[in-house]
Amino acid sequence: MKIDLEARSQEKFGRPLAELDDTTICTMLEDIVREHAATMPLNEGKRRLYYLSAEFLIGRLLTNNLIELGVYDDVKAQLAAAGHDLGAVEEREVEPSLGNGGLGRLAACFLDSIATLGLPGDGVGLNYHYGLFHQRFVDLQQAAEPDGWLDRQDWLVKDEKAYTVEFGGFTVKSRLYDIDVLGYGRTTKNRLRLFDLESVDDSLVPVNSIDFDKGELAKNLTLFLYPDDSDDAGRLLRVYQEYFMVSNAAQLILDEAVERGSNLHDLPDYAVVQINDTHPSMVIPELVRLLVDVHGFEFDEAVSVVRRMVAYTNHTILAEALEKWPLESLKTVAPRIAEIVVKLDELERAENGSNDAVAIVRDGVVHMAHMAIHYGFSINGVAALHTKILEDTELHPFYELYPEKFSNKTNGITFRRWIMDANPALSGVLDDVLGTDWRTSCDLSGLLAFKDDDAVLARLDDAKSEAKAGMREFLWETQGVRIPEDAIIDVQVKRIHEYKRQQMLALYIIWKYLDIKNGNIPARPLTIIFGGKAAPAYTIAQDIIHLILLLSRWIAADPVVSPHLQVVMIENYNVSAAERVIPAADISEQISLASKEASGTSNMKFMLNGAVTLCTLDGANVEIADLVGDENIYTFGTSSKEVERLYAEHAYDAHAHYLRPGVKLLVDFIANPAFLALGNAERLHRLHDDMAWKDWFMALLDIEEYIQKKEQVLADYENRDAWRKKSLVNIAKAGAFSSDRTIRQYNEDIWHL
Ligand code: Z2T
């Protein structure tokens with residue numbers, strides 16, 4: 001691809017490139033990439049993958065696409081020659097807001113890898129006009145506002161395909177928008193296909209408020225993404241959204257298969273559907289419905305076709321996240337789907353001897369995961385430990401029925417975005433030391449040979465400093481915070497959730513604050529960075545945000561402690577912020593209660609960027625620990641086995657832990673009189689009492705060992721030589737977590753594209 005920005009500027013604006021502002025240049029570059037992508041052919045193959053997901057957290061696309069097309073350096077040079085900085089131009093792009101967290105970001109990394117491997121596979125989802133809410137901090141609390149990302153974006157292209165979706169009592173028409181998905185060094189592409197309502201009405205959303213008119217579904221269905229990570233509010237509107245998504249997806253799948261020569265009886269030869277958690281699981285009855293009602297199949301044949309083409313990924317064991325809809329709700333939303341679900345339940349009972357433990361419909365409630373396991377041909381977990389827990393405990397009766405359907409697919413991350421794009425300094429060092437092959441192979445193990453090479457260790461250290469400088473600039477410009485140049489950067493960024501235990505890191509901060517007050521001055525400043533949104537309906541998570549913001553202000557105002565300890569909570573943490581913060585981190589906090597974090601993916605991004613992990617043995621942390629070895633990771637905490645036992649036997653006594661002297665001091669600090677006066681007393685009391693009496697995710701069980709480990713990490717950081725080696729080993733071993741590896745495994749074991 002050849003780009004001549006000067007000529008383009010003259011042609012479009014009649015002015016030299018030097019005179020354009022950053023926003024105009026950004027739009028111009030987006031147009032150039034979009035127009036070029038439009039000419040690229042699709043990846044072909046008889047069987048196509050449809051990756052169905054309610055979320056695709058794709059992040060900004062400009063830099064990524066320029067890198068994929070191999071023109072990044074050229075564009076940068078042309079802009080520089082005209083006095084412009086590509087970095088500043090990149091900042092003008094608005095980030096699409098189409099995901100909550102890990103699940104949505106995983107889908108985005110997967111699209112990148114599917115395209116990079118040249119496999120024929122599209123993402124299918126919804127075009128939420130206001131996406132996930134935009135987070136602001138007001139009075140040390142989270143405020144949720146609509147994110148009007150769609151007004152100012154340039155990537156969506158209208159597709160001529162459109163369908164009709166019939167709900168109980170009304171019918172809507174859909175519209176389809178595509179975003180081209182490019183692969184690294186590829187001349188062919190895939191697409192992200194986002195369905196929207198033809199009759200959607202943006203004006204239903206008030207300025208600065210996410211409380212919109214819930215009444216007219218035909219006008220509001222695609223306005224918002226539900227802000228629930230891992231747990232689910234179970235609201236009816238969500239069922240409407242899900243049915244809208246899968247009905248469109250199923251119609252698209254049949255349409256395209258017929259276009260490519262299928263007679264539908266051979267549909268599994270033309271299409272395979274991966275359902276990203278249960279949110280799209282109604283695609284199963286919807287495909288059956290279309291085959292029976294529209295295409296005249298017998299019910300049994302329709303079921304046998306669908307059974308050979310749908311695969312399901314589970315992303316959590318949290319009970320509250322397993323979608324269960326009242327059958328009555330399904331009857332309201334889509335009566336024919338409710339009918340088919342009941343028939344699927346009867347068929348399953350006839351086949352498996354009516355075992356209530358695995359039933360699809362039980363006591364008037366539809367268990368979506370059960371349906372997906374019975375009528376899908378594959379179910380996978382997202383990390384080895386997670387899959388083992390599914391097989392041995394959570395889904396054990398299903399594992400006994402269908403051991404051959406179960407497999408593990410440990411998550412992965414795309415190296416294009418998470419190192420080439422986010423960390424050019426480190427990428428440059430790797431090019432110099434290893435050659436550029438790593439950019440396609442994602443194999444960084446060659447670095448191990450340089451473990452004792454001072455020059456290489458120093459260059460890696462310089463790259464870390466450069467990333468830190470970038471982050472300091474970002475935090476100054478976007479958050480108005482200054483970070484000391486020599487600070488240790490300790491980061492926990494992810495959705496705010498009790499099981500992820502941000503509250504435990506808050507207790508550490510209290511401990512450290514008191515320790516410094518007692519005269520123990522640290523060797524160098526420590527900056528602890530949080531980022532993440534909390535579902536607006538999740539009260540305790542809001543309370544945790546409040547505590548963090550209060551600690552941040554309290555410590556900043558303390559002249560004795562503030563030179564040594566700083567707490568930063570990034571406002572509106574998103575993919576763009578992650579790209580600035582993760583490369584700069586020294587310590588990666590992965591401290592979920594063991595057994596609760598299915599995998600985690602930021603753990604992989606931090607490792608790839610040379611941070612050392614401080615973690616419990618949960619999710620993919622277990623695999624990271626196995627790879628890097630004991631001396632290159634810090635693990636602590638109660639094991640997942642023991643945690644499962646404590647739950648099973650109701651044997652965890654939060655209050656007994658609270659009463660231990662060292663612990664009580666820390667918890668009581670949350671509700672100390674100065675805090676109550678400065679902050680929101682109701683929130684602080686509630687959080688204090690919750691921790692002292694309930695502590696459902698056992699932060700008090702692990703807090704003492706956590707503090708000890710953290711202090712050891714900080715002490716070890718001072719042995720700069722040893723630390724640099726740890727960092728190098730982490731980078732060198734990160735190849736295992738490339739999403740290219742994950743996608744190859746999905747393809748070899750499940751998709752067979
Ligand atoms: C989500 O981000 C995850 C799980 C969910 O379960 C829902 C959402 Cl929105 C329904 C996360 C997991 O918590 C995380 O451990 C995992 O790494 C990620 O999905 C991708 O698998």
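How many residue pairs are in polar contact between domain 1 and domain 2? The count is 7, taking pairs with both residues at pLDDT 80 or more; a polar contact here is a pair of N or O atoms within 3.5 Å, where, within protein, one must be able to donate a hydrogen and the other to accept it, and residues adjacent in sequence count only if both atoms are side-chain atoms. The model is a predicted one, with local features needing pLDDT of at least 70 and side-chain atom pairs pLDDT 80 or more, while totals for chains, interfaces and linings use all residues. Residues are numbered from 1 along each chain as its sequence is written, and side-chain values use heavy atoms, leaving out hydrogens and water.

The chain splits into domain 1 (1-39 + 66-93), domain 2 (49-60 + 95-411 + 742-751) and domain 3 (420-638 + 697-735), with bounds from an automatic or database domain assignment. Between domain 1 and domain 2, the C-alpha centres are 36 Å apart. Where these two meet, 13 residues of domain 1 touch 13 residues of domain 2 (contact means heavy atoms within 4.5 Å). Together they bury about 1200 Å², with 47% of that on carbon and sulfur atoms; buried area is the accessible area (1.4 Å probe) that two parts lose on being put together, summed over both. On the domain 1 side, Arg 34, Glu 68 and Glu 93 supply 54% of the area buried against domain 2, more than any other three residues. The interface also has 2 salt bridges, each a side-chain nitrogen of Lys or Arg within 4 Å of a carboxyl oxygen of Asp or Glu.

Then there's the ligand. It lies between domain 2 and domain 3, because both give residues to the shell around it. That shell has 17 residues, the closest being Leu 103, His 315, Asn 411, Glu 597 and Gly 600; to count, a residue needs a heavy atom within 4 Å of the ligand. The side chain of Asn 411 puts an N or O atom 2.8 Å from a ligand oxygen, and a backbone N or O atom of Gly 102 sits 3.3 Å from a ligand oxygen.
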